[in-house]
Amino acid sequence: MEGKELLNLFTDMTRIHTAYVERRLLHLDLRTGQGAVLTALGYCGPCSQKGLAEYRHVSAATISVMLRRMEKANLVTRTSGGDGKSNLIALTPHGREVYDRLTEDMISEPERIFAGLSREELASAERIFRTISENLAELSGK
């Protein structure tokens with residue numbers, strides 16, 4: 001397979017995966033990207049807006065809009081940071097419930113997505129995906 005064909009296959013795969021995840025998030029009333037923010041906050045605890053933007057690889061403006069929507073949906077709240085200036089973003093009790101449901105829903109995702117692949121193929125895929133991620137991070141300056 002030529003490089004261009006492989007890149008097209010990779011691009012198609014990421015688009016299909018994104019569409020799949022978006023459909024899975026709809027039943028939780030979550031928009032694109034909100035599941036990842038809930039997961040980060042649920043796993044790591046309160047975080048700065050800047051930290052969330054860096055984690056999601058999005059601009060400050062994008063994360064700000066996302067967090068405003070999530071606040072309106074009672075998923076997150078802003079709490080005062082220890083320095084009195086910065087705000088930390090934290091899950092609300094409702095946000096914690098949605099995070100728990102999201103986590104439960106996603107437990108079987110790897111089995112479904114990677115069905116039919118052997119352990120060796122999964123190990124190869126992991127190495128390939130890590131290399132591609134590193135290449136993309138370098139290309140994007142991250």
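## Report on a predicted protein model

In this predicted model, 50% of the contacts between residues at least 6 apart in sequence join residues at least 24 apart; a contact means heavy atoms within 4.5 Å. Residues are numbered from 1 along each chain as its sequence is written. Local features need pLDDT of at least 70 and side-chain atom pairs count only at pLDDT 80 or more, while totals for chains, interfaces and linings use all residues, and side-chain values use heavy atoms, with hydrogens and water left out.

**Overall architecture**

The protein contains seven helices and three strands. These elements are DSSP runs numbered from the N terminus, with helices (H or I) of at least four residues and strands (E) of at least two. Their order along the sequence is α-α-β-α-α-β-β-α-α-α. The C-alpha trace spans about 55 × 35 × 25 Å along its principal axes.

**Surface and charge**

Of the 142 residues in the protein, 23% are buried, that is, under 20% relative accessible area with a 1.4 Å probe and protein chains only. The protein exposes about 10,100 Å², of which carbon and sulfur atoms supply 56%; accessible areas come from the Shrake-Rupley method with a 1.4 Å probe. There are 19 positive and 19 negative side chains, and the centres of the two sets lie 8 Å apart. Lys and Arg count as positive and Asp and Glu as negative, whereas His and the chain ends are not counted. Each charge is placed at NZ of Lys, CZ of Arg, CG of Asp or CD of Glu.

**Packing of H2 and H5**

The axes of H2 and helix H5 (residues 93–106) come within 10 Å and cross at roughly 105 degrees. H2 is therefore roughly perpendicular to H5, a term for angles of 65 to 115 degrees. H2 contributes Gly35, Leu38, Thr39, Gly42 and Tyr43 to the contact, and H5 contributes Gly95, Arg96, Val98, Tyr99 and Leu102. The axes are lines fitted to C-alpha atoms, for helices over the stretch in contact, and angles run from 0 to 180 degrees between N-to-C directions.

Two residues other than glycine have a positive phi.

How values were computed. Buried means under 20% relative accessible area, exposed over 50%, partly exposed in between (1.4 Å probe, protein chains only). Angles under 35 degrees count as roughly parallel, over 145 as roughly antiparallel, 65 to 115 as roughly perpendicular and the rest as oblique.
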